[in-house]
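I opened my notebook beside the model and jotted down what I looked up, going from the whole chain to a few single residues. Here are the entries.

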Amino acid sequence: MDKVSVVIPTYNCLPYLPKAIESILAQDYKNIEILIVNDNSSDGTDKYLATLSKTRNNIIVINTDGVGAASARNIAIKQSSGHYVAFLDADDYWYSGKVSEQVRVHQENKHLGMTFTNYDHLNENNELIIDCLEYWNKYNSDQNTVHFFDNPLNDIFANNIIGTSTVMINKAVFQKIGFFNEEMSYCEDWHFWLKVCEHFDVALLKHSYTGYLMRAGSITQTDSKRWNNLLSVSEVISHYQDRNTSISKKSLSQARARLQEGYADYFRTKGDIYTALLHDFHSLLIDPQTRRVKHTLGDMKKCLMPSQKHKQSVPIK
């Protein structure tokens, strides 16, 4: 039975971390080691993990001094001893059977470098909002439980449907393409998945095996970071757009439309509905989608309400 190394970076997530760890320990696949990187938490995580590691010999605690998620994952990967590496964010959790099913797919398809699964978006009461594949309306047309990508780079560039907490990677992948880019503060995971897709075969397990918590106060959702996050996505798109890759013009358009949708959401949440509407139109023109029509109509309605006061700003190009 091949060992699976599970990597969990954590920063001040003590209210959620025990549930994440328990979801690993409850898996029916037992040859698992858990590497938890406590990245300078100040909420008592260190004491909790010190106690936990004394009772579980398969839990390895690594303490770092605020290095960030990418570096934390890289440190753990380099110390891992498993044949496969899986990732779990501290505020997410796995459903039963997740590890065994992914290992089975890898073992039956030795050519695979990476697998990932569908996942559920949950509110803070752990209630289902929508699952990833339903939201994107992707890969639901056939009855196969596993989707093998013909051109994974093309598909994952167009729509980043990969949730970090769903990924399992053959350890040999890191030897070939390296690790997460530690200079990136956002979307370093998407950037890494794209590198994997350039060099290895990838498969999707369409069953949902992970709960992804939509936390209002999470680090990546704070308003001060969202603008830089969008710029990071734009840089990745530009990087691949300038290269001679197998990415189609359609996928490039879909990625640009998704970026415009992100800009629209950014300005919408800031109350700048007029600028949001400009990005709505841009996204809709590039790649029409039902949800984009709804967002555009919703923002148009807000713009027409005389009681509403909205800011105006220069649209992003």
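I began with the accessible surface of this predicted model, which comes to about 15,400 Å². Carbon and sulfur atoms hold 49% of that surface. I then looked at burial and found that 52% of the 317 residues count as buried.

Next I went through the fold. I noted 12 helices and 10 strands in the protein. The radius of gyration is 20 Å, close to the 20 Å from the globule rule for 317 residues, so the protein is as compact as a globular protein of that length. I also boxed the C-alpha atoms along the principal axes and got roughly 65 × 45 × 35 Å. Among contacts with a separation of 6 or more, 78% join residues 24 or more positions apart.

I picked out Val 293, which sits in α12; it counts as partly exposed because its relative accessibility is 37%.

My last stop was Asn 170, in strand β9 (residues 168–170). Is Asn 170 buried or exposed? Asn 170 counts as buried, because its relative accessibility is 14% and the cut-off for buried is under 20%. A polar atom of the Asn 170 side chain lies 3.0 Å from the backbone nitrogen of Ala 172. Leaving out residues up to four places away in sequence, I listed His 83, Tyr 84, His 106, Leu 112 and Gly 113 as touching Asn 170.

Key
Residues numbered from 1 in each chain as written. Predicted model: local features only at pLDDT ≥ 70, side-chain atom pairs only at ≥ 80, totals over all residues. Heavy atoms only, no water. Helix = DSSP H or I, 4+ residues; strand = E, 2+ residues; numbered from the N terminus. Buried < 20%, exposed > 50% of the residue type's maximum accessible area, 1.4 Å probe, protein only. Polar contact = N/O pair within 3.5 Å; in protein donor to acceptor, adjacent residues only side chain to side chain. Contact = heavy atoms within 4.5 Å. Rg over C-alpha atoms; globule rule 2.2 N^0.38 Å. Areas by Shrake-Rupley, 256 points an atom, 1.4 Å probe, with all protein chains shown as cover.
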